[in-house]
Amino acid sequence: MTTTGSRPEVLRYTAFSGDPAGGNPAGVVLDAGALDDGEMLAVAAQLEYSESAFLTAPPEGLDGPEGRTYRIRYFSPKAEVPFCGHATVATAVALAERQGPGPLLFATQAGPVPVEVTASEDGTLRATLTSVEPRVEDVDGADLAEALAALGWPAADLDPAFPPRIAYAGARHLVLAAATRARLADLDYDFARLEALMHRLDLTTVQLVWRESPTLFHVRDPFPVGGVVEDPATGAAAAAFGGYARELGLVPEDAVLTLRQGEDLGRPGELTVTLRAGDPRVRVGGAGVRIG
């Protein structure tokens, strides 16, 4: 572990893209044992990325690959979050550059999250996480109306084939489907109003989706509770969406979905969501690369 004085080095990686200018950037601290909660939050706030990840020694009794098992915590610029997919991918890629590809296990607040890192022939590293078991719940009509009002979306702009739900696969996300790509592209929301609703419903992001084809989706994720207008690529929401789509019968039990995100921000990224019959968990994968 490289340090600056007595402070651990803060690495910068992007996830869900092999291009440093694409995907979602994350701070990564590979040895955060000397940092307290306030210092972790300060690092995340200084970086101003959607989330940063901090590794410490694994909890006792966690059975994972020797030397490749860690406790991981995630901080946005405003608060700690229970699970973050893109920071998990970024951290896994950072570790694989130092330890080689292979299995990893992260102890998150949401539960154990296995990750498999592979390398392509050109050396690109790709990490695939396996979520905790997802669940889906109804959203109250008044809460839905408030979310749409905060977004400035008329109810008629929703895709009726995708009912609004709250989906979880490590963190809670409100899933709303746009009827058109133009509706998804036009995002100009009331930050404070949506933030207040999300705090009340314990939401991490709002997962806005538009279906281009049976397996291709475009997504955006407002993230005001983290102090960020929009998350460029959201692995936790992708996992939650995979569970949602399967439970509602919108995709087959065995399916590979492609989620494109960040195009409207000028940071294009691609997330692969894999569903397997007989396994309730959701796999989310993508490339990652160091920034700078």
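Start this tour of a predicted model by selecting Asp-202, which is exposed, with a relative accessible area of 53%. The cut-off for calling a residue exposed is over 50%. Asp-202 sits in the loop that runs between helix 5 and strand 14. Check its backbone: phi is positive, about 55°, although Asp-202 is not a glycine. Most residues other than glycine have a negative phi.

Move along to Leu-203, in the loop between helix 5 and strand 14. Is Leu-203 buried or exposed? At 5% relative accessibility, Leu-203 counts as buried. Show what surrounds this side chain: leaving aside neighbours within four places in sequence, Leu-203 is in contact with Ile-166, Arg-172, His-173, Leu-174, Met-198 and Val-225. For a distance to display, take the C-alpha atoms of Leu-203 and Glu-146, which are 57 residues apart along the chain and separated by 14 Å.

**Helix 3**

Select residues 141-151, which form helix 3. Which residues of helix 3 are buried? They are Asp-143, Leu-144, Ala-147, Leu-148, Ala-150 and Leu-151. Look down the axis of helix 3: its buried residues fall within an arc of 160°, so they line one face of the helix. An α-helix has 3.6 residues a turn, so residues three or four places apart point the same way.

Next, show what covers the buried residues of helix 3; the cover includes strand 13 (172-177), helix 5 (191-201), strand 14 (205-213) and strand 15 (216-223). At the start of helix 3, find Asp-140, where a side-chain oxygen reaches to within 2.9 Å of the backbone nitrogen of Ala-142. Just after helix 3 comes Gly-152, with a positive phi of about 75°.

**Phe-16**

Go to the loop between strand 3 (11-15) and strand 4 (24-29), and select Phe-16 there. Phi of Phe-16 is near 70°, a positive value in a residue other than glycine. Phe-16 is buried, with a relative accessible area of 2%.

**Thr-108**

Strand 8 covers residues 102-108, and Thr-108 lies in it. At 10% relative accessibility, Thr-108 counts as buried. Where do the polar atoms of its side chain reach? One lies 3.0 Å from the backbone nitrogen of Ala-110, and a polar atom of the Thr-108 side chain is 2.7 Å from the backbone oxygen of Gly-111. Not counting residues up to four places away in sequence, Thr-108 touches Ile-72, Tyr-74, Pro-82, Phe-83 and Val-113.

**The nonpolar cores**

Colour the largest nonpolar core, a group of 86 residues. Inside this core, the residues with the most contacts are Phe-106, Val-115, Leu-176, Phe-241, Tyr-244, Leu-259 and Val-284. Helix 2 (residues 85-99) supplies the largest share of this core, eight residues. Centre on Val-115: not counting residues up to four places away in sequence, Val-115 touches Thr-88, Ala-92, Gly-102, Pro-103, Leu-104, Phe-106, Ala-127, Thr-128 and Leu-129. Another core, of 10 residues, lies apart from the largest one, and among its members are Val-29, Val-43, Ala-44 and Phe-75. In soluble globular proteins, nonpolar side chains tend to be buried together.

**Arg-283**

Find strand 19 (residues 279-290) and select Arg-283 in it. At 10% relative accessibility, Arg-283 counts as buried. Its side chain is joined to that of Asp-279 by a polar contact of 2.9 Å. Leaving aside neighbours within four places in sequence, Arg-283 is in contact with Thr-128, Leu-129, Thr-130, Thr-272, Val-273, Thr-274 and Arg-276.

**The cavity**

How many cavities of 30 Å³ or more does the structure hold? It holds one. The largest cavity has a volume of about 50 Å³. Of the 13 residues lining the largest cavity, select Glu-51, Cys-84, Asp-231, Thr-234 and Ala-236, the closest to its centre. The elements giving two or more residues to the lining of the largest cavity are helix 2 and helix 6 (235-247).

Note on methods. Residues are numbered from 1 along each chain as its sequence is written. This is a predicted model: local features need pLDDT of at least 70, side-chain atom pairs count only at pLDDT 80 or more; totals for chains, interfaces and linings use all residues. Side-chain values use heavy atoms; hydrogens and water are left out. Buried means under 20% relative accessible area, exposed over 50%, partly exposed in between (1.4 Å probe, protein chains only). Helices (H or I, at least four residues) and strands (E, at least two) are DSSP runs, numbered from the N terminus. The arc is that of the directions from the helix axis to the C-beta atoms. Contact means heavy atoms within 4.5 Å. A polar contact is a pair of N or O atoms within 3.5 Å; within protein, one must be able to donate a hydrogen and the other to accept it, and residues adjacent in sequence count only if both atoms are side-chain atoms. A nonpolar core is a set of buried Ala, Val, Leu, Ile, Met, Phe, Trp, Tyr and Cys residues joined through side-chain atoms within 4.5 Å. On a 1 Å grid over the protein atoms alone, a cavity is a set of points where a 1.4 Å probe fits but cannot get out, and a pocket is an open set with protein on both sides within 12 Å along at least five of seven lines; lining residues have an atom within 4 Å of a point. Grid points are joined across faces, edges and corners, and a volume is the space filled by probe spheres set on the points.
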